[in-house]
Amino acid sequence: MSKAVSRSTFLRLAGTAALLLTKTFARSAENEITSEMILADPEAPTAGNPEGDITIVDFFDYNCPFCKDAAVHLERLVKADGKIKLVYKDWPVLAPSSIVGAKLALGARYQDKYLAAHHALMSVPGYGIPQQQMIDAVRNSGVDMNRLNADIKANDAAITGLLKRNLAIADAVGFQGTPGFLVGPYKVNQALTYDGFQHVVADARARQAGQKAD
Amino acid sequence: MSYVRTIWFVTFLLQAFWLGAAAAGPKPPDEAFRFDVTQGEEEGVELFWSIEPGYYLYRDRIAASLGGEALKVVTTRGETKDDPTFGPTEVYHHQATALINALPETGELHVTYQGCGENTICYPPITKVIDLATLIVRDADDRKEEMRSLSASAAEDPAPTVPGDVSPASATTPDLGGNLLPTLLAFLGFGVLLAFTPCVLPMVPILSGMLTRSAEKLSPAQGFLLSASYVLAMASAYGVLGVFAAWFGGNLQAILQTPGAVALMSLMFVMLALSMFGFYELQGPHAWSARLTLGAGRPGSIGGAALLGFTSALIVGPCVTPPLAVALVYIAQTGKAMRGSAALFSLGLGMGLPLLVVGAFGATALPKSGPWLVRVKQAFGIVFIGVAIWMMSRILPLPLIAIAWGAFFVGIAFWLGWPQPDGARSTPHWGRVASAMAAGTLAIYGGLVTIGGITGWYAPLQPFAWAGVTLPISASGLESDGFQTITNEHDLDTAIATASVEGRPVLIDFSAEWCTECRLMERTVFADEAVRQRLRTLRLIRADMTRYNLASRRLMERFEVVGPPTLVFLNATGREVDGTRTIGATAVRDLLDKISVAERG
């Protein structure tokens, strides 16, 4: 995708301004949006290297076909790179069944099966996925559905709270649609290829190195 | 939320990427899809989207509503987007138009659409509000609705993730977990209440006919005994339903609605009828059918009566009622087959109690012998033929059944008009005139129906509708009542997805051609003007269970439906609304209440 590469190239050249998301805001109240909430929400599932030098925050929807394509490339890079921390932000905005999917995945976290459920849901191609298809996908991923049902009910407040925080963050960041990525200090509001992600990560690392050198 | 802090943060963030985003990022949705509306013809409006290159709109995501009611949007054919895994999806590139007709002069029209940038981004649904008086377009308060939908669905669990979540038990159905004796008595009571519904009514002529065949040597005590064995067998059949559900899952009644079983049962009735016409005595030792009916042919044969009762309950009048559903679901969930079966046995017993009365008193009312008895026997033979045709209508194509009914009526006409042999001259003159007139009328009617059947016409047999004993011949007209008929999960999912795009709740009517209660509801409840008005806001889906196969079984399992008639309401997010399910026949008032709950849900 030449468009994605040119964007990251542009970012590299333009890199005059960057945001240090690691800088925390003081006196953070519950409803405020802090970089802490974006990068280290204890409720948000993560993958990759927890001690990685760069964090990628992925805002996605289980009804978004391009999120699914991009996620494949992203996960491959996270694995190959070995020093990326990946944060999953379920952002169900495309269709009513998206909310169902997000709740299924986040509910599976309580039996340590978030990634299984997430990957199962991301593997259902296309848009407009019926909720039953989502439920079947999660069931086939080895999640205990009885327990999942109980967990979703018992932790409804926590799950809904997280989804609301994710919605608020996505709004504040200014994402127009899915997918959205925060790669270190950079905001990318579109699907990227493997090369695209690689470029942005390289840019972000260069930016961070520059900040430290300053 | 601290807005100052949020805005500050956002500004901070945007400062960093303003240039980058403006240069290469995806466009804001209103730039990608420029929306406009103009006055259309026929008191409608024309919607227009100008779509940036590289972006597209989904055809099936264009929806409109006025005052919360979904409107019909006429869209043109889009380009088919290649999606090998998901099937064809229609999208619009460059531009799109849509028409909405018959709008009022004032009001707020909500138009929702959704699209993506090719390979880059998908936008959440975009909703615009159009003031119909001025055609001024403004943004809907999306954010608020987004949050509300999240909170609303968060108050409930997301989906029937695990079957068994939803208990179909209504308030009027007892809990099976309590003491056994009260439970059994309650089910007995429910059975008695059900005895006067179309579930049991077809059994009255069957039982009467059976008694008539044996009438020559029948005392009231024998009549009672025969009826009792019929009823006990019927109750046992219900008990067997429970055991079957525990061992194999599923409702045996629905499973038995196979062409083979129905044909066999119909054949049995034809055999019974022929023997009642005196064509042969049932002593013939060779035919299996003769053996099958032999027991019933001998006066006082308890075995024959029992066989008839057992098969009647399973095949002739399969009926799903709330107590039956509760018991079957209870067995499926707890595995307590004996307890559930005992309850079902009580239910069957209760349903049969009034039949006992018919049996005992009916036997005394019958003439002891003579030509009248012959006539009565023949009359019940005709009834049996009717039962056979009615059952075959579940499996044979419509024109054939119409021909069969036509021939049936012509046959009755001949029977009425045929000069009677020997001493039948005792019949008074007016009686002969009446029967001749009836014969003539029936012959004409039967002839018309036959011609209709041959030419593939609709056969008007509505006179029987009052008893629910109607013919699926009339089912062809049901498409017009606003229900979309589906037979598999894929079609159901598509329909639900469409409804969810439109933001409409869904009513799924589990129905089958062999389900007499369903026919009755279609003619009474769904034909009710108030109900029709209220159902307009819902998307109506009729899940056809006529054929018991993998597809229909999956549909039933998905919603844990035991059998038709069952109504399931889904809210706009596709989730079943608690407490709205109805099983069995439903009254208009109940249904209206459930619709109200479903609309809120």
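At what angle do helix H4 (residues 96–108) and helix H7 (residues 145–154) of chain A pack, and how many Å apart are their axes?

## Helix packing in chain A

In this predicted model, H4 and H7 of chain A pack at an angle of about 100 degrees, and their axes lie 9 Å apart. Because angles of 65 to 115 degrees count as roughly perpendicular, H4(A) and H7(A) are therefore described as roughly perpendicular to each other. On the side of H4(A) the contact is made by Lys103(A), Leu104(A), Gly107(A) and Ala108(A), while H7(A) contributes Leu148(A), Asp151(A) and Ile152(A). By residue class, this contact of H4(A) with H7(A) consists of 4 nonpolar, 1 polar and 2 charged residues.

Helix H5 (residues 114–122) of chain A also has H4 of chain A among its packing partners. The buried residues of H5(A) are Tyr114(A), Ala117(A), His118(A), Ala120(A), Leu121(A) and Met122(A), and they pack against helix H3 (65–81), strand E3 (84–90), H4 and helix H6 (131–140) of chain A.

## Overall organisation and sheet of chain A

Chain A contains 9 helices and 5 strands, which follow one another along the sequence in the pattern α-α-β-β-α-β-α-α-α-α-α-β-β-α. Of its 214 residues, 55% count as buried, and among the contacts in chain A with a separation of 6 or more, 73% are between residues 24 or more positions apart.

The 5 strands of the sheet in chain A are arranged in the order E1-E3-E2-E4-E5, as an open sheet with mixed pairing. Strand E1 (46–48) and strand E5 (186–188) of chain A are the edge strands, each pairing on one side only, and from one strand to the next the twist averages 20 degrees. Within this sheet, strand E2 (residues 54–60) of chain A runs parallel to E3(A), the two being joined by 7 bridges; Phe59(A) stands opposite Lys89(A) in E3(A).

## The antiparallel sheet of chain B

In chain B, 4 strands form an open sheet in the order E1-E2-E9-E6, with antiparallel pairing. Strand E1 (33–39) and strand E6 (74–75) of chain B stand at the edges with a single partner strand each, so one side of each has no neighbour in the sheet.

E1(B) pairs with strand E2 (residues 45–51) of chain B in the antiparallel sense over 7 bridges. Phe35(B) has Trp49(B) as its bridge partner in E2(B), and Arg34(B) stands opposite Ser50(B) in E2(B). E2(B) is in turn joined by 6 bridges to strand E9 (residues 95–100) of chain B, again running antiparallel, and here Leu47(B) stands opposite Ala98(B) in E9(B).

## Confidence of the prediction

For the complex, the predictor gives an ipTM of 0.78 and a pTM of 0.44. Chain B averages a pLDDT of 72, with 70% of the residues scoring at least 70.

Two stretches of chain B call for caution. Over residues 1–23 of chain B the pLDDT stays under 50, and the model has 30 contacts beyond four places in sequence for them; over residues 457–480 of chain B the pLDDT is likewise below 50, and this stretch has 45 contacts in the model beyond near neighbours in sequence. Where pLDDT is low, the predicted coordinates should not be read in detail.

Technical notes:
Residues are numbered from 1 along each chain as its sequence is written. Chains are lettered from A and ligands numbered from 1 in the order in which they are written. This is a predicted model: local features need pLDDT of at least 70, side-chain atom pairs count only at pLDDT 80 or more; totals for chains, interfaces and linings use all residues. Axes are lines fitted to C-alpha atoms, for helices over the stretch in contact, and angles run from 0 to 180 degrees between N-to-C directions. Angles under 35 degrees count as roughly parallel, over 145 as roughly antiparallel, 65 to 115 as roughly perpendicular and the rest as oblique. Two residues are in contact if their C-beta atoms, placed from the backbone, lie within 7 Å. Ala, Val, Leu, Ile, Met, Phe, Trp, Tyr, Cys and Pro count as nonpolar, Asp, Glu, Lys and Arg as charged, and the others, Gly among them, as polar. Two strands pair if DSSP finds at least two bridges between them. A residue is buried if 20 or more other C-beta atoms lie within 10 Å of its own, exposed if 12 or fewer, and partly exposed in between; C-beta atoms are placed from the backbone. pLDDT is the predictor's confidence in each residue, from 0 to 100.
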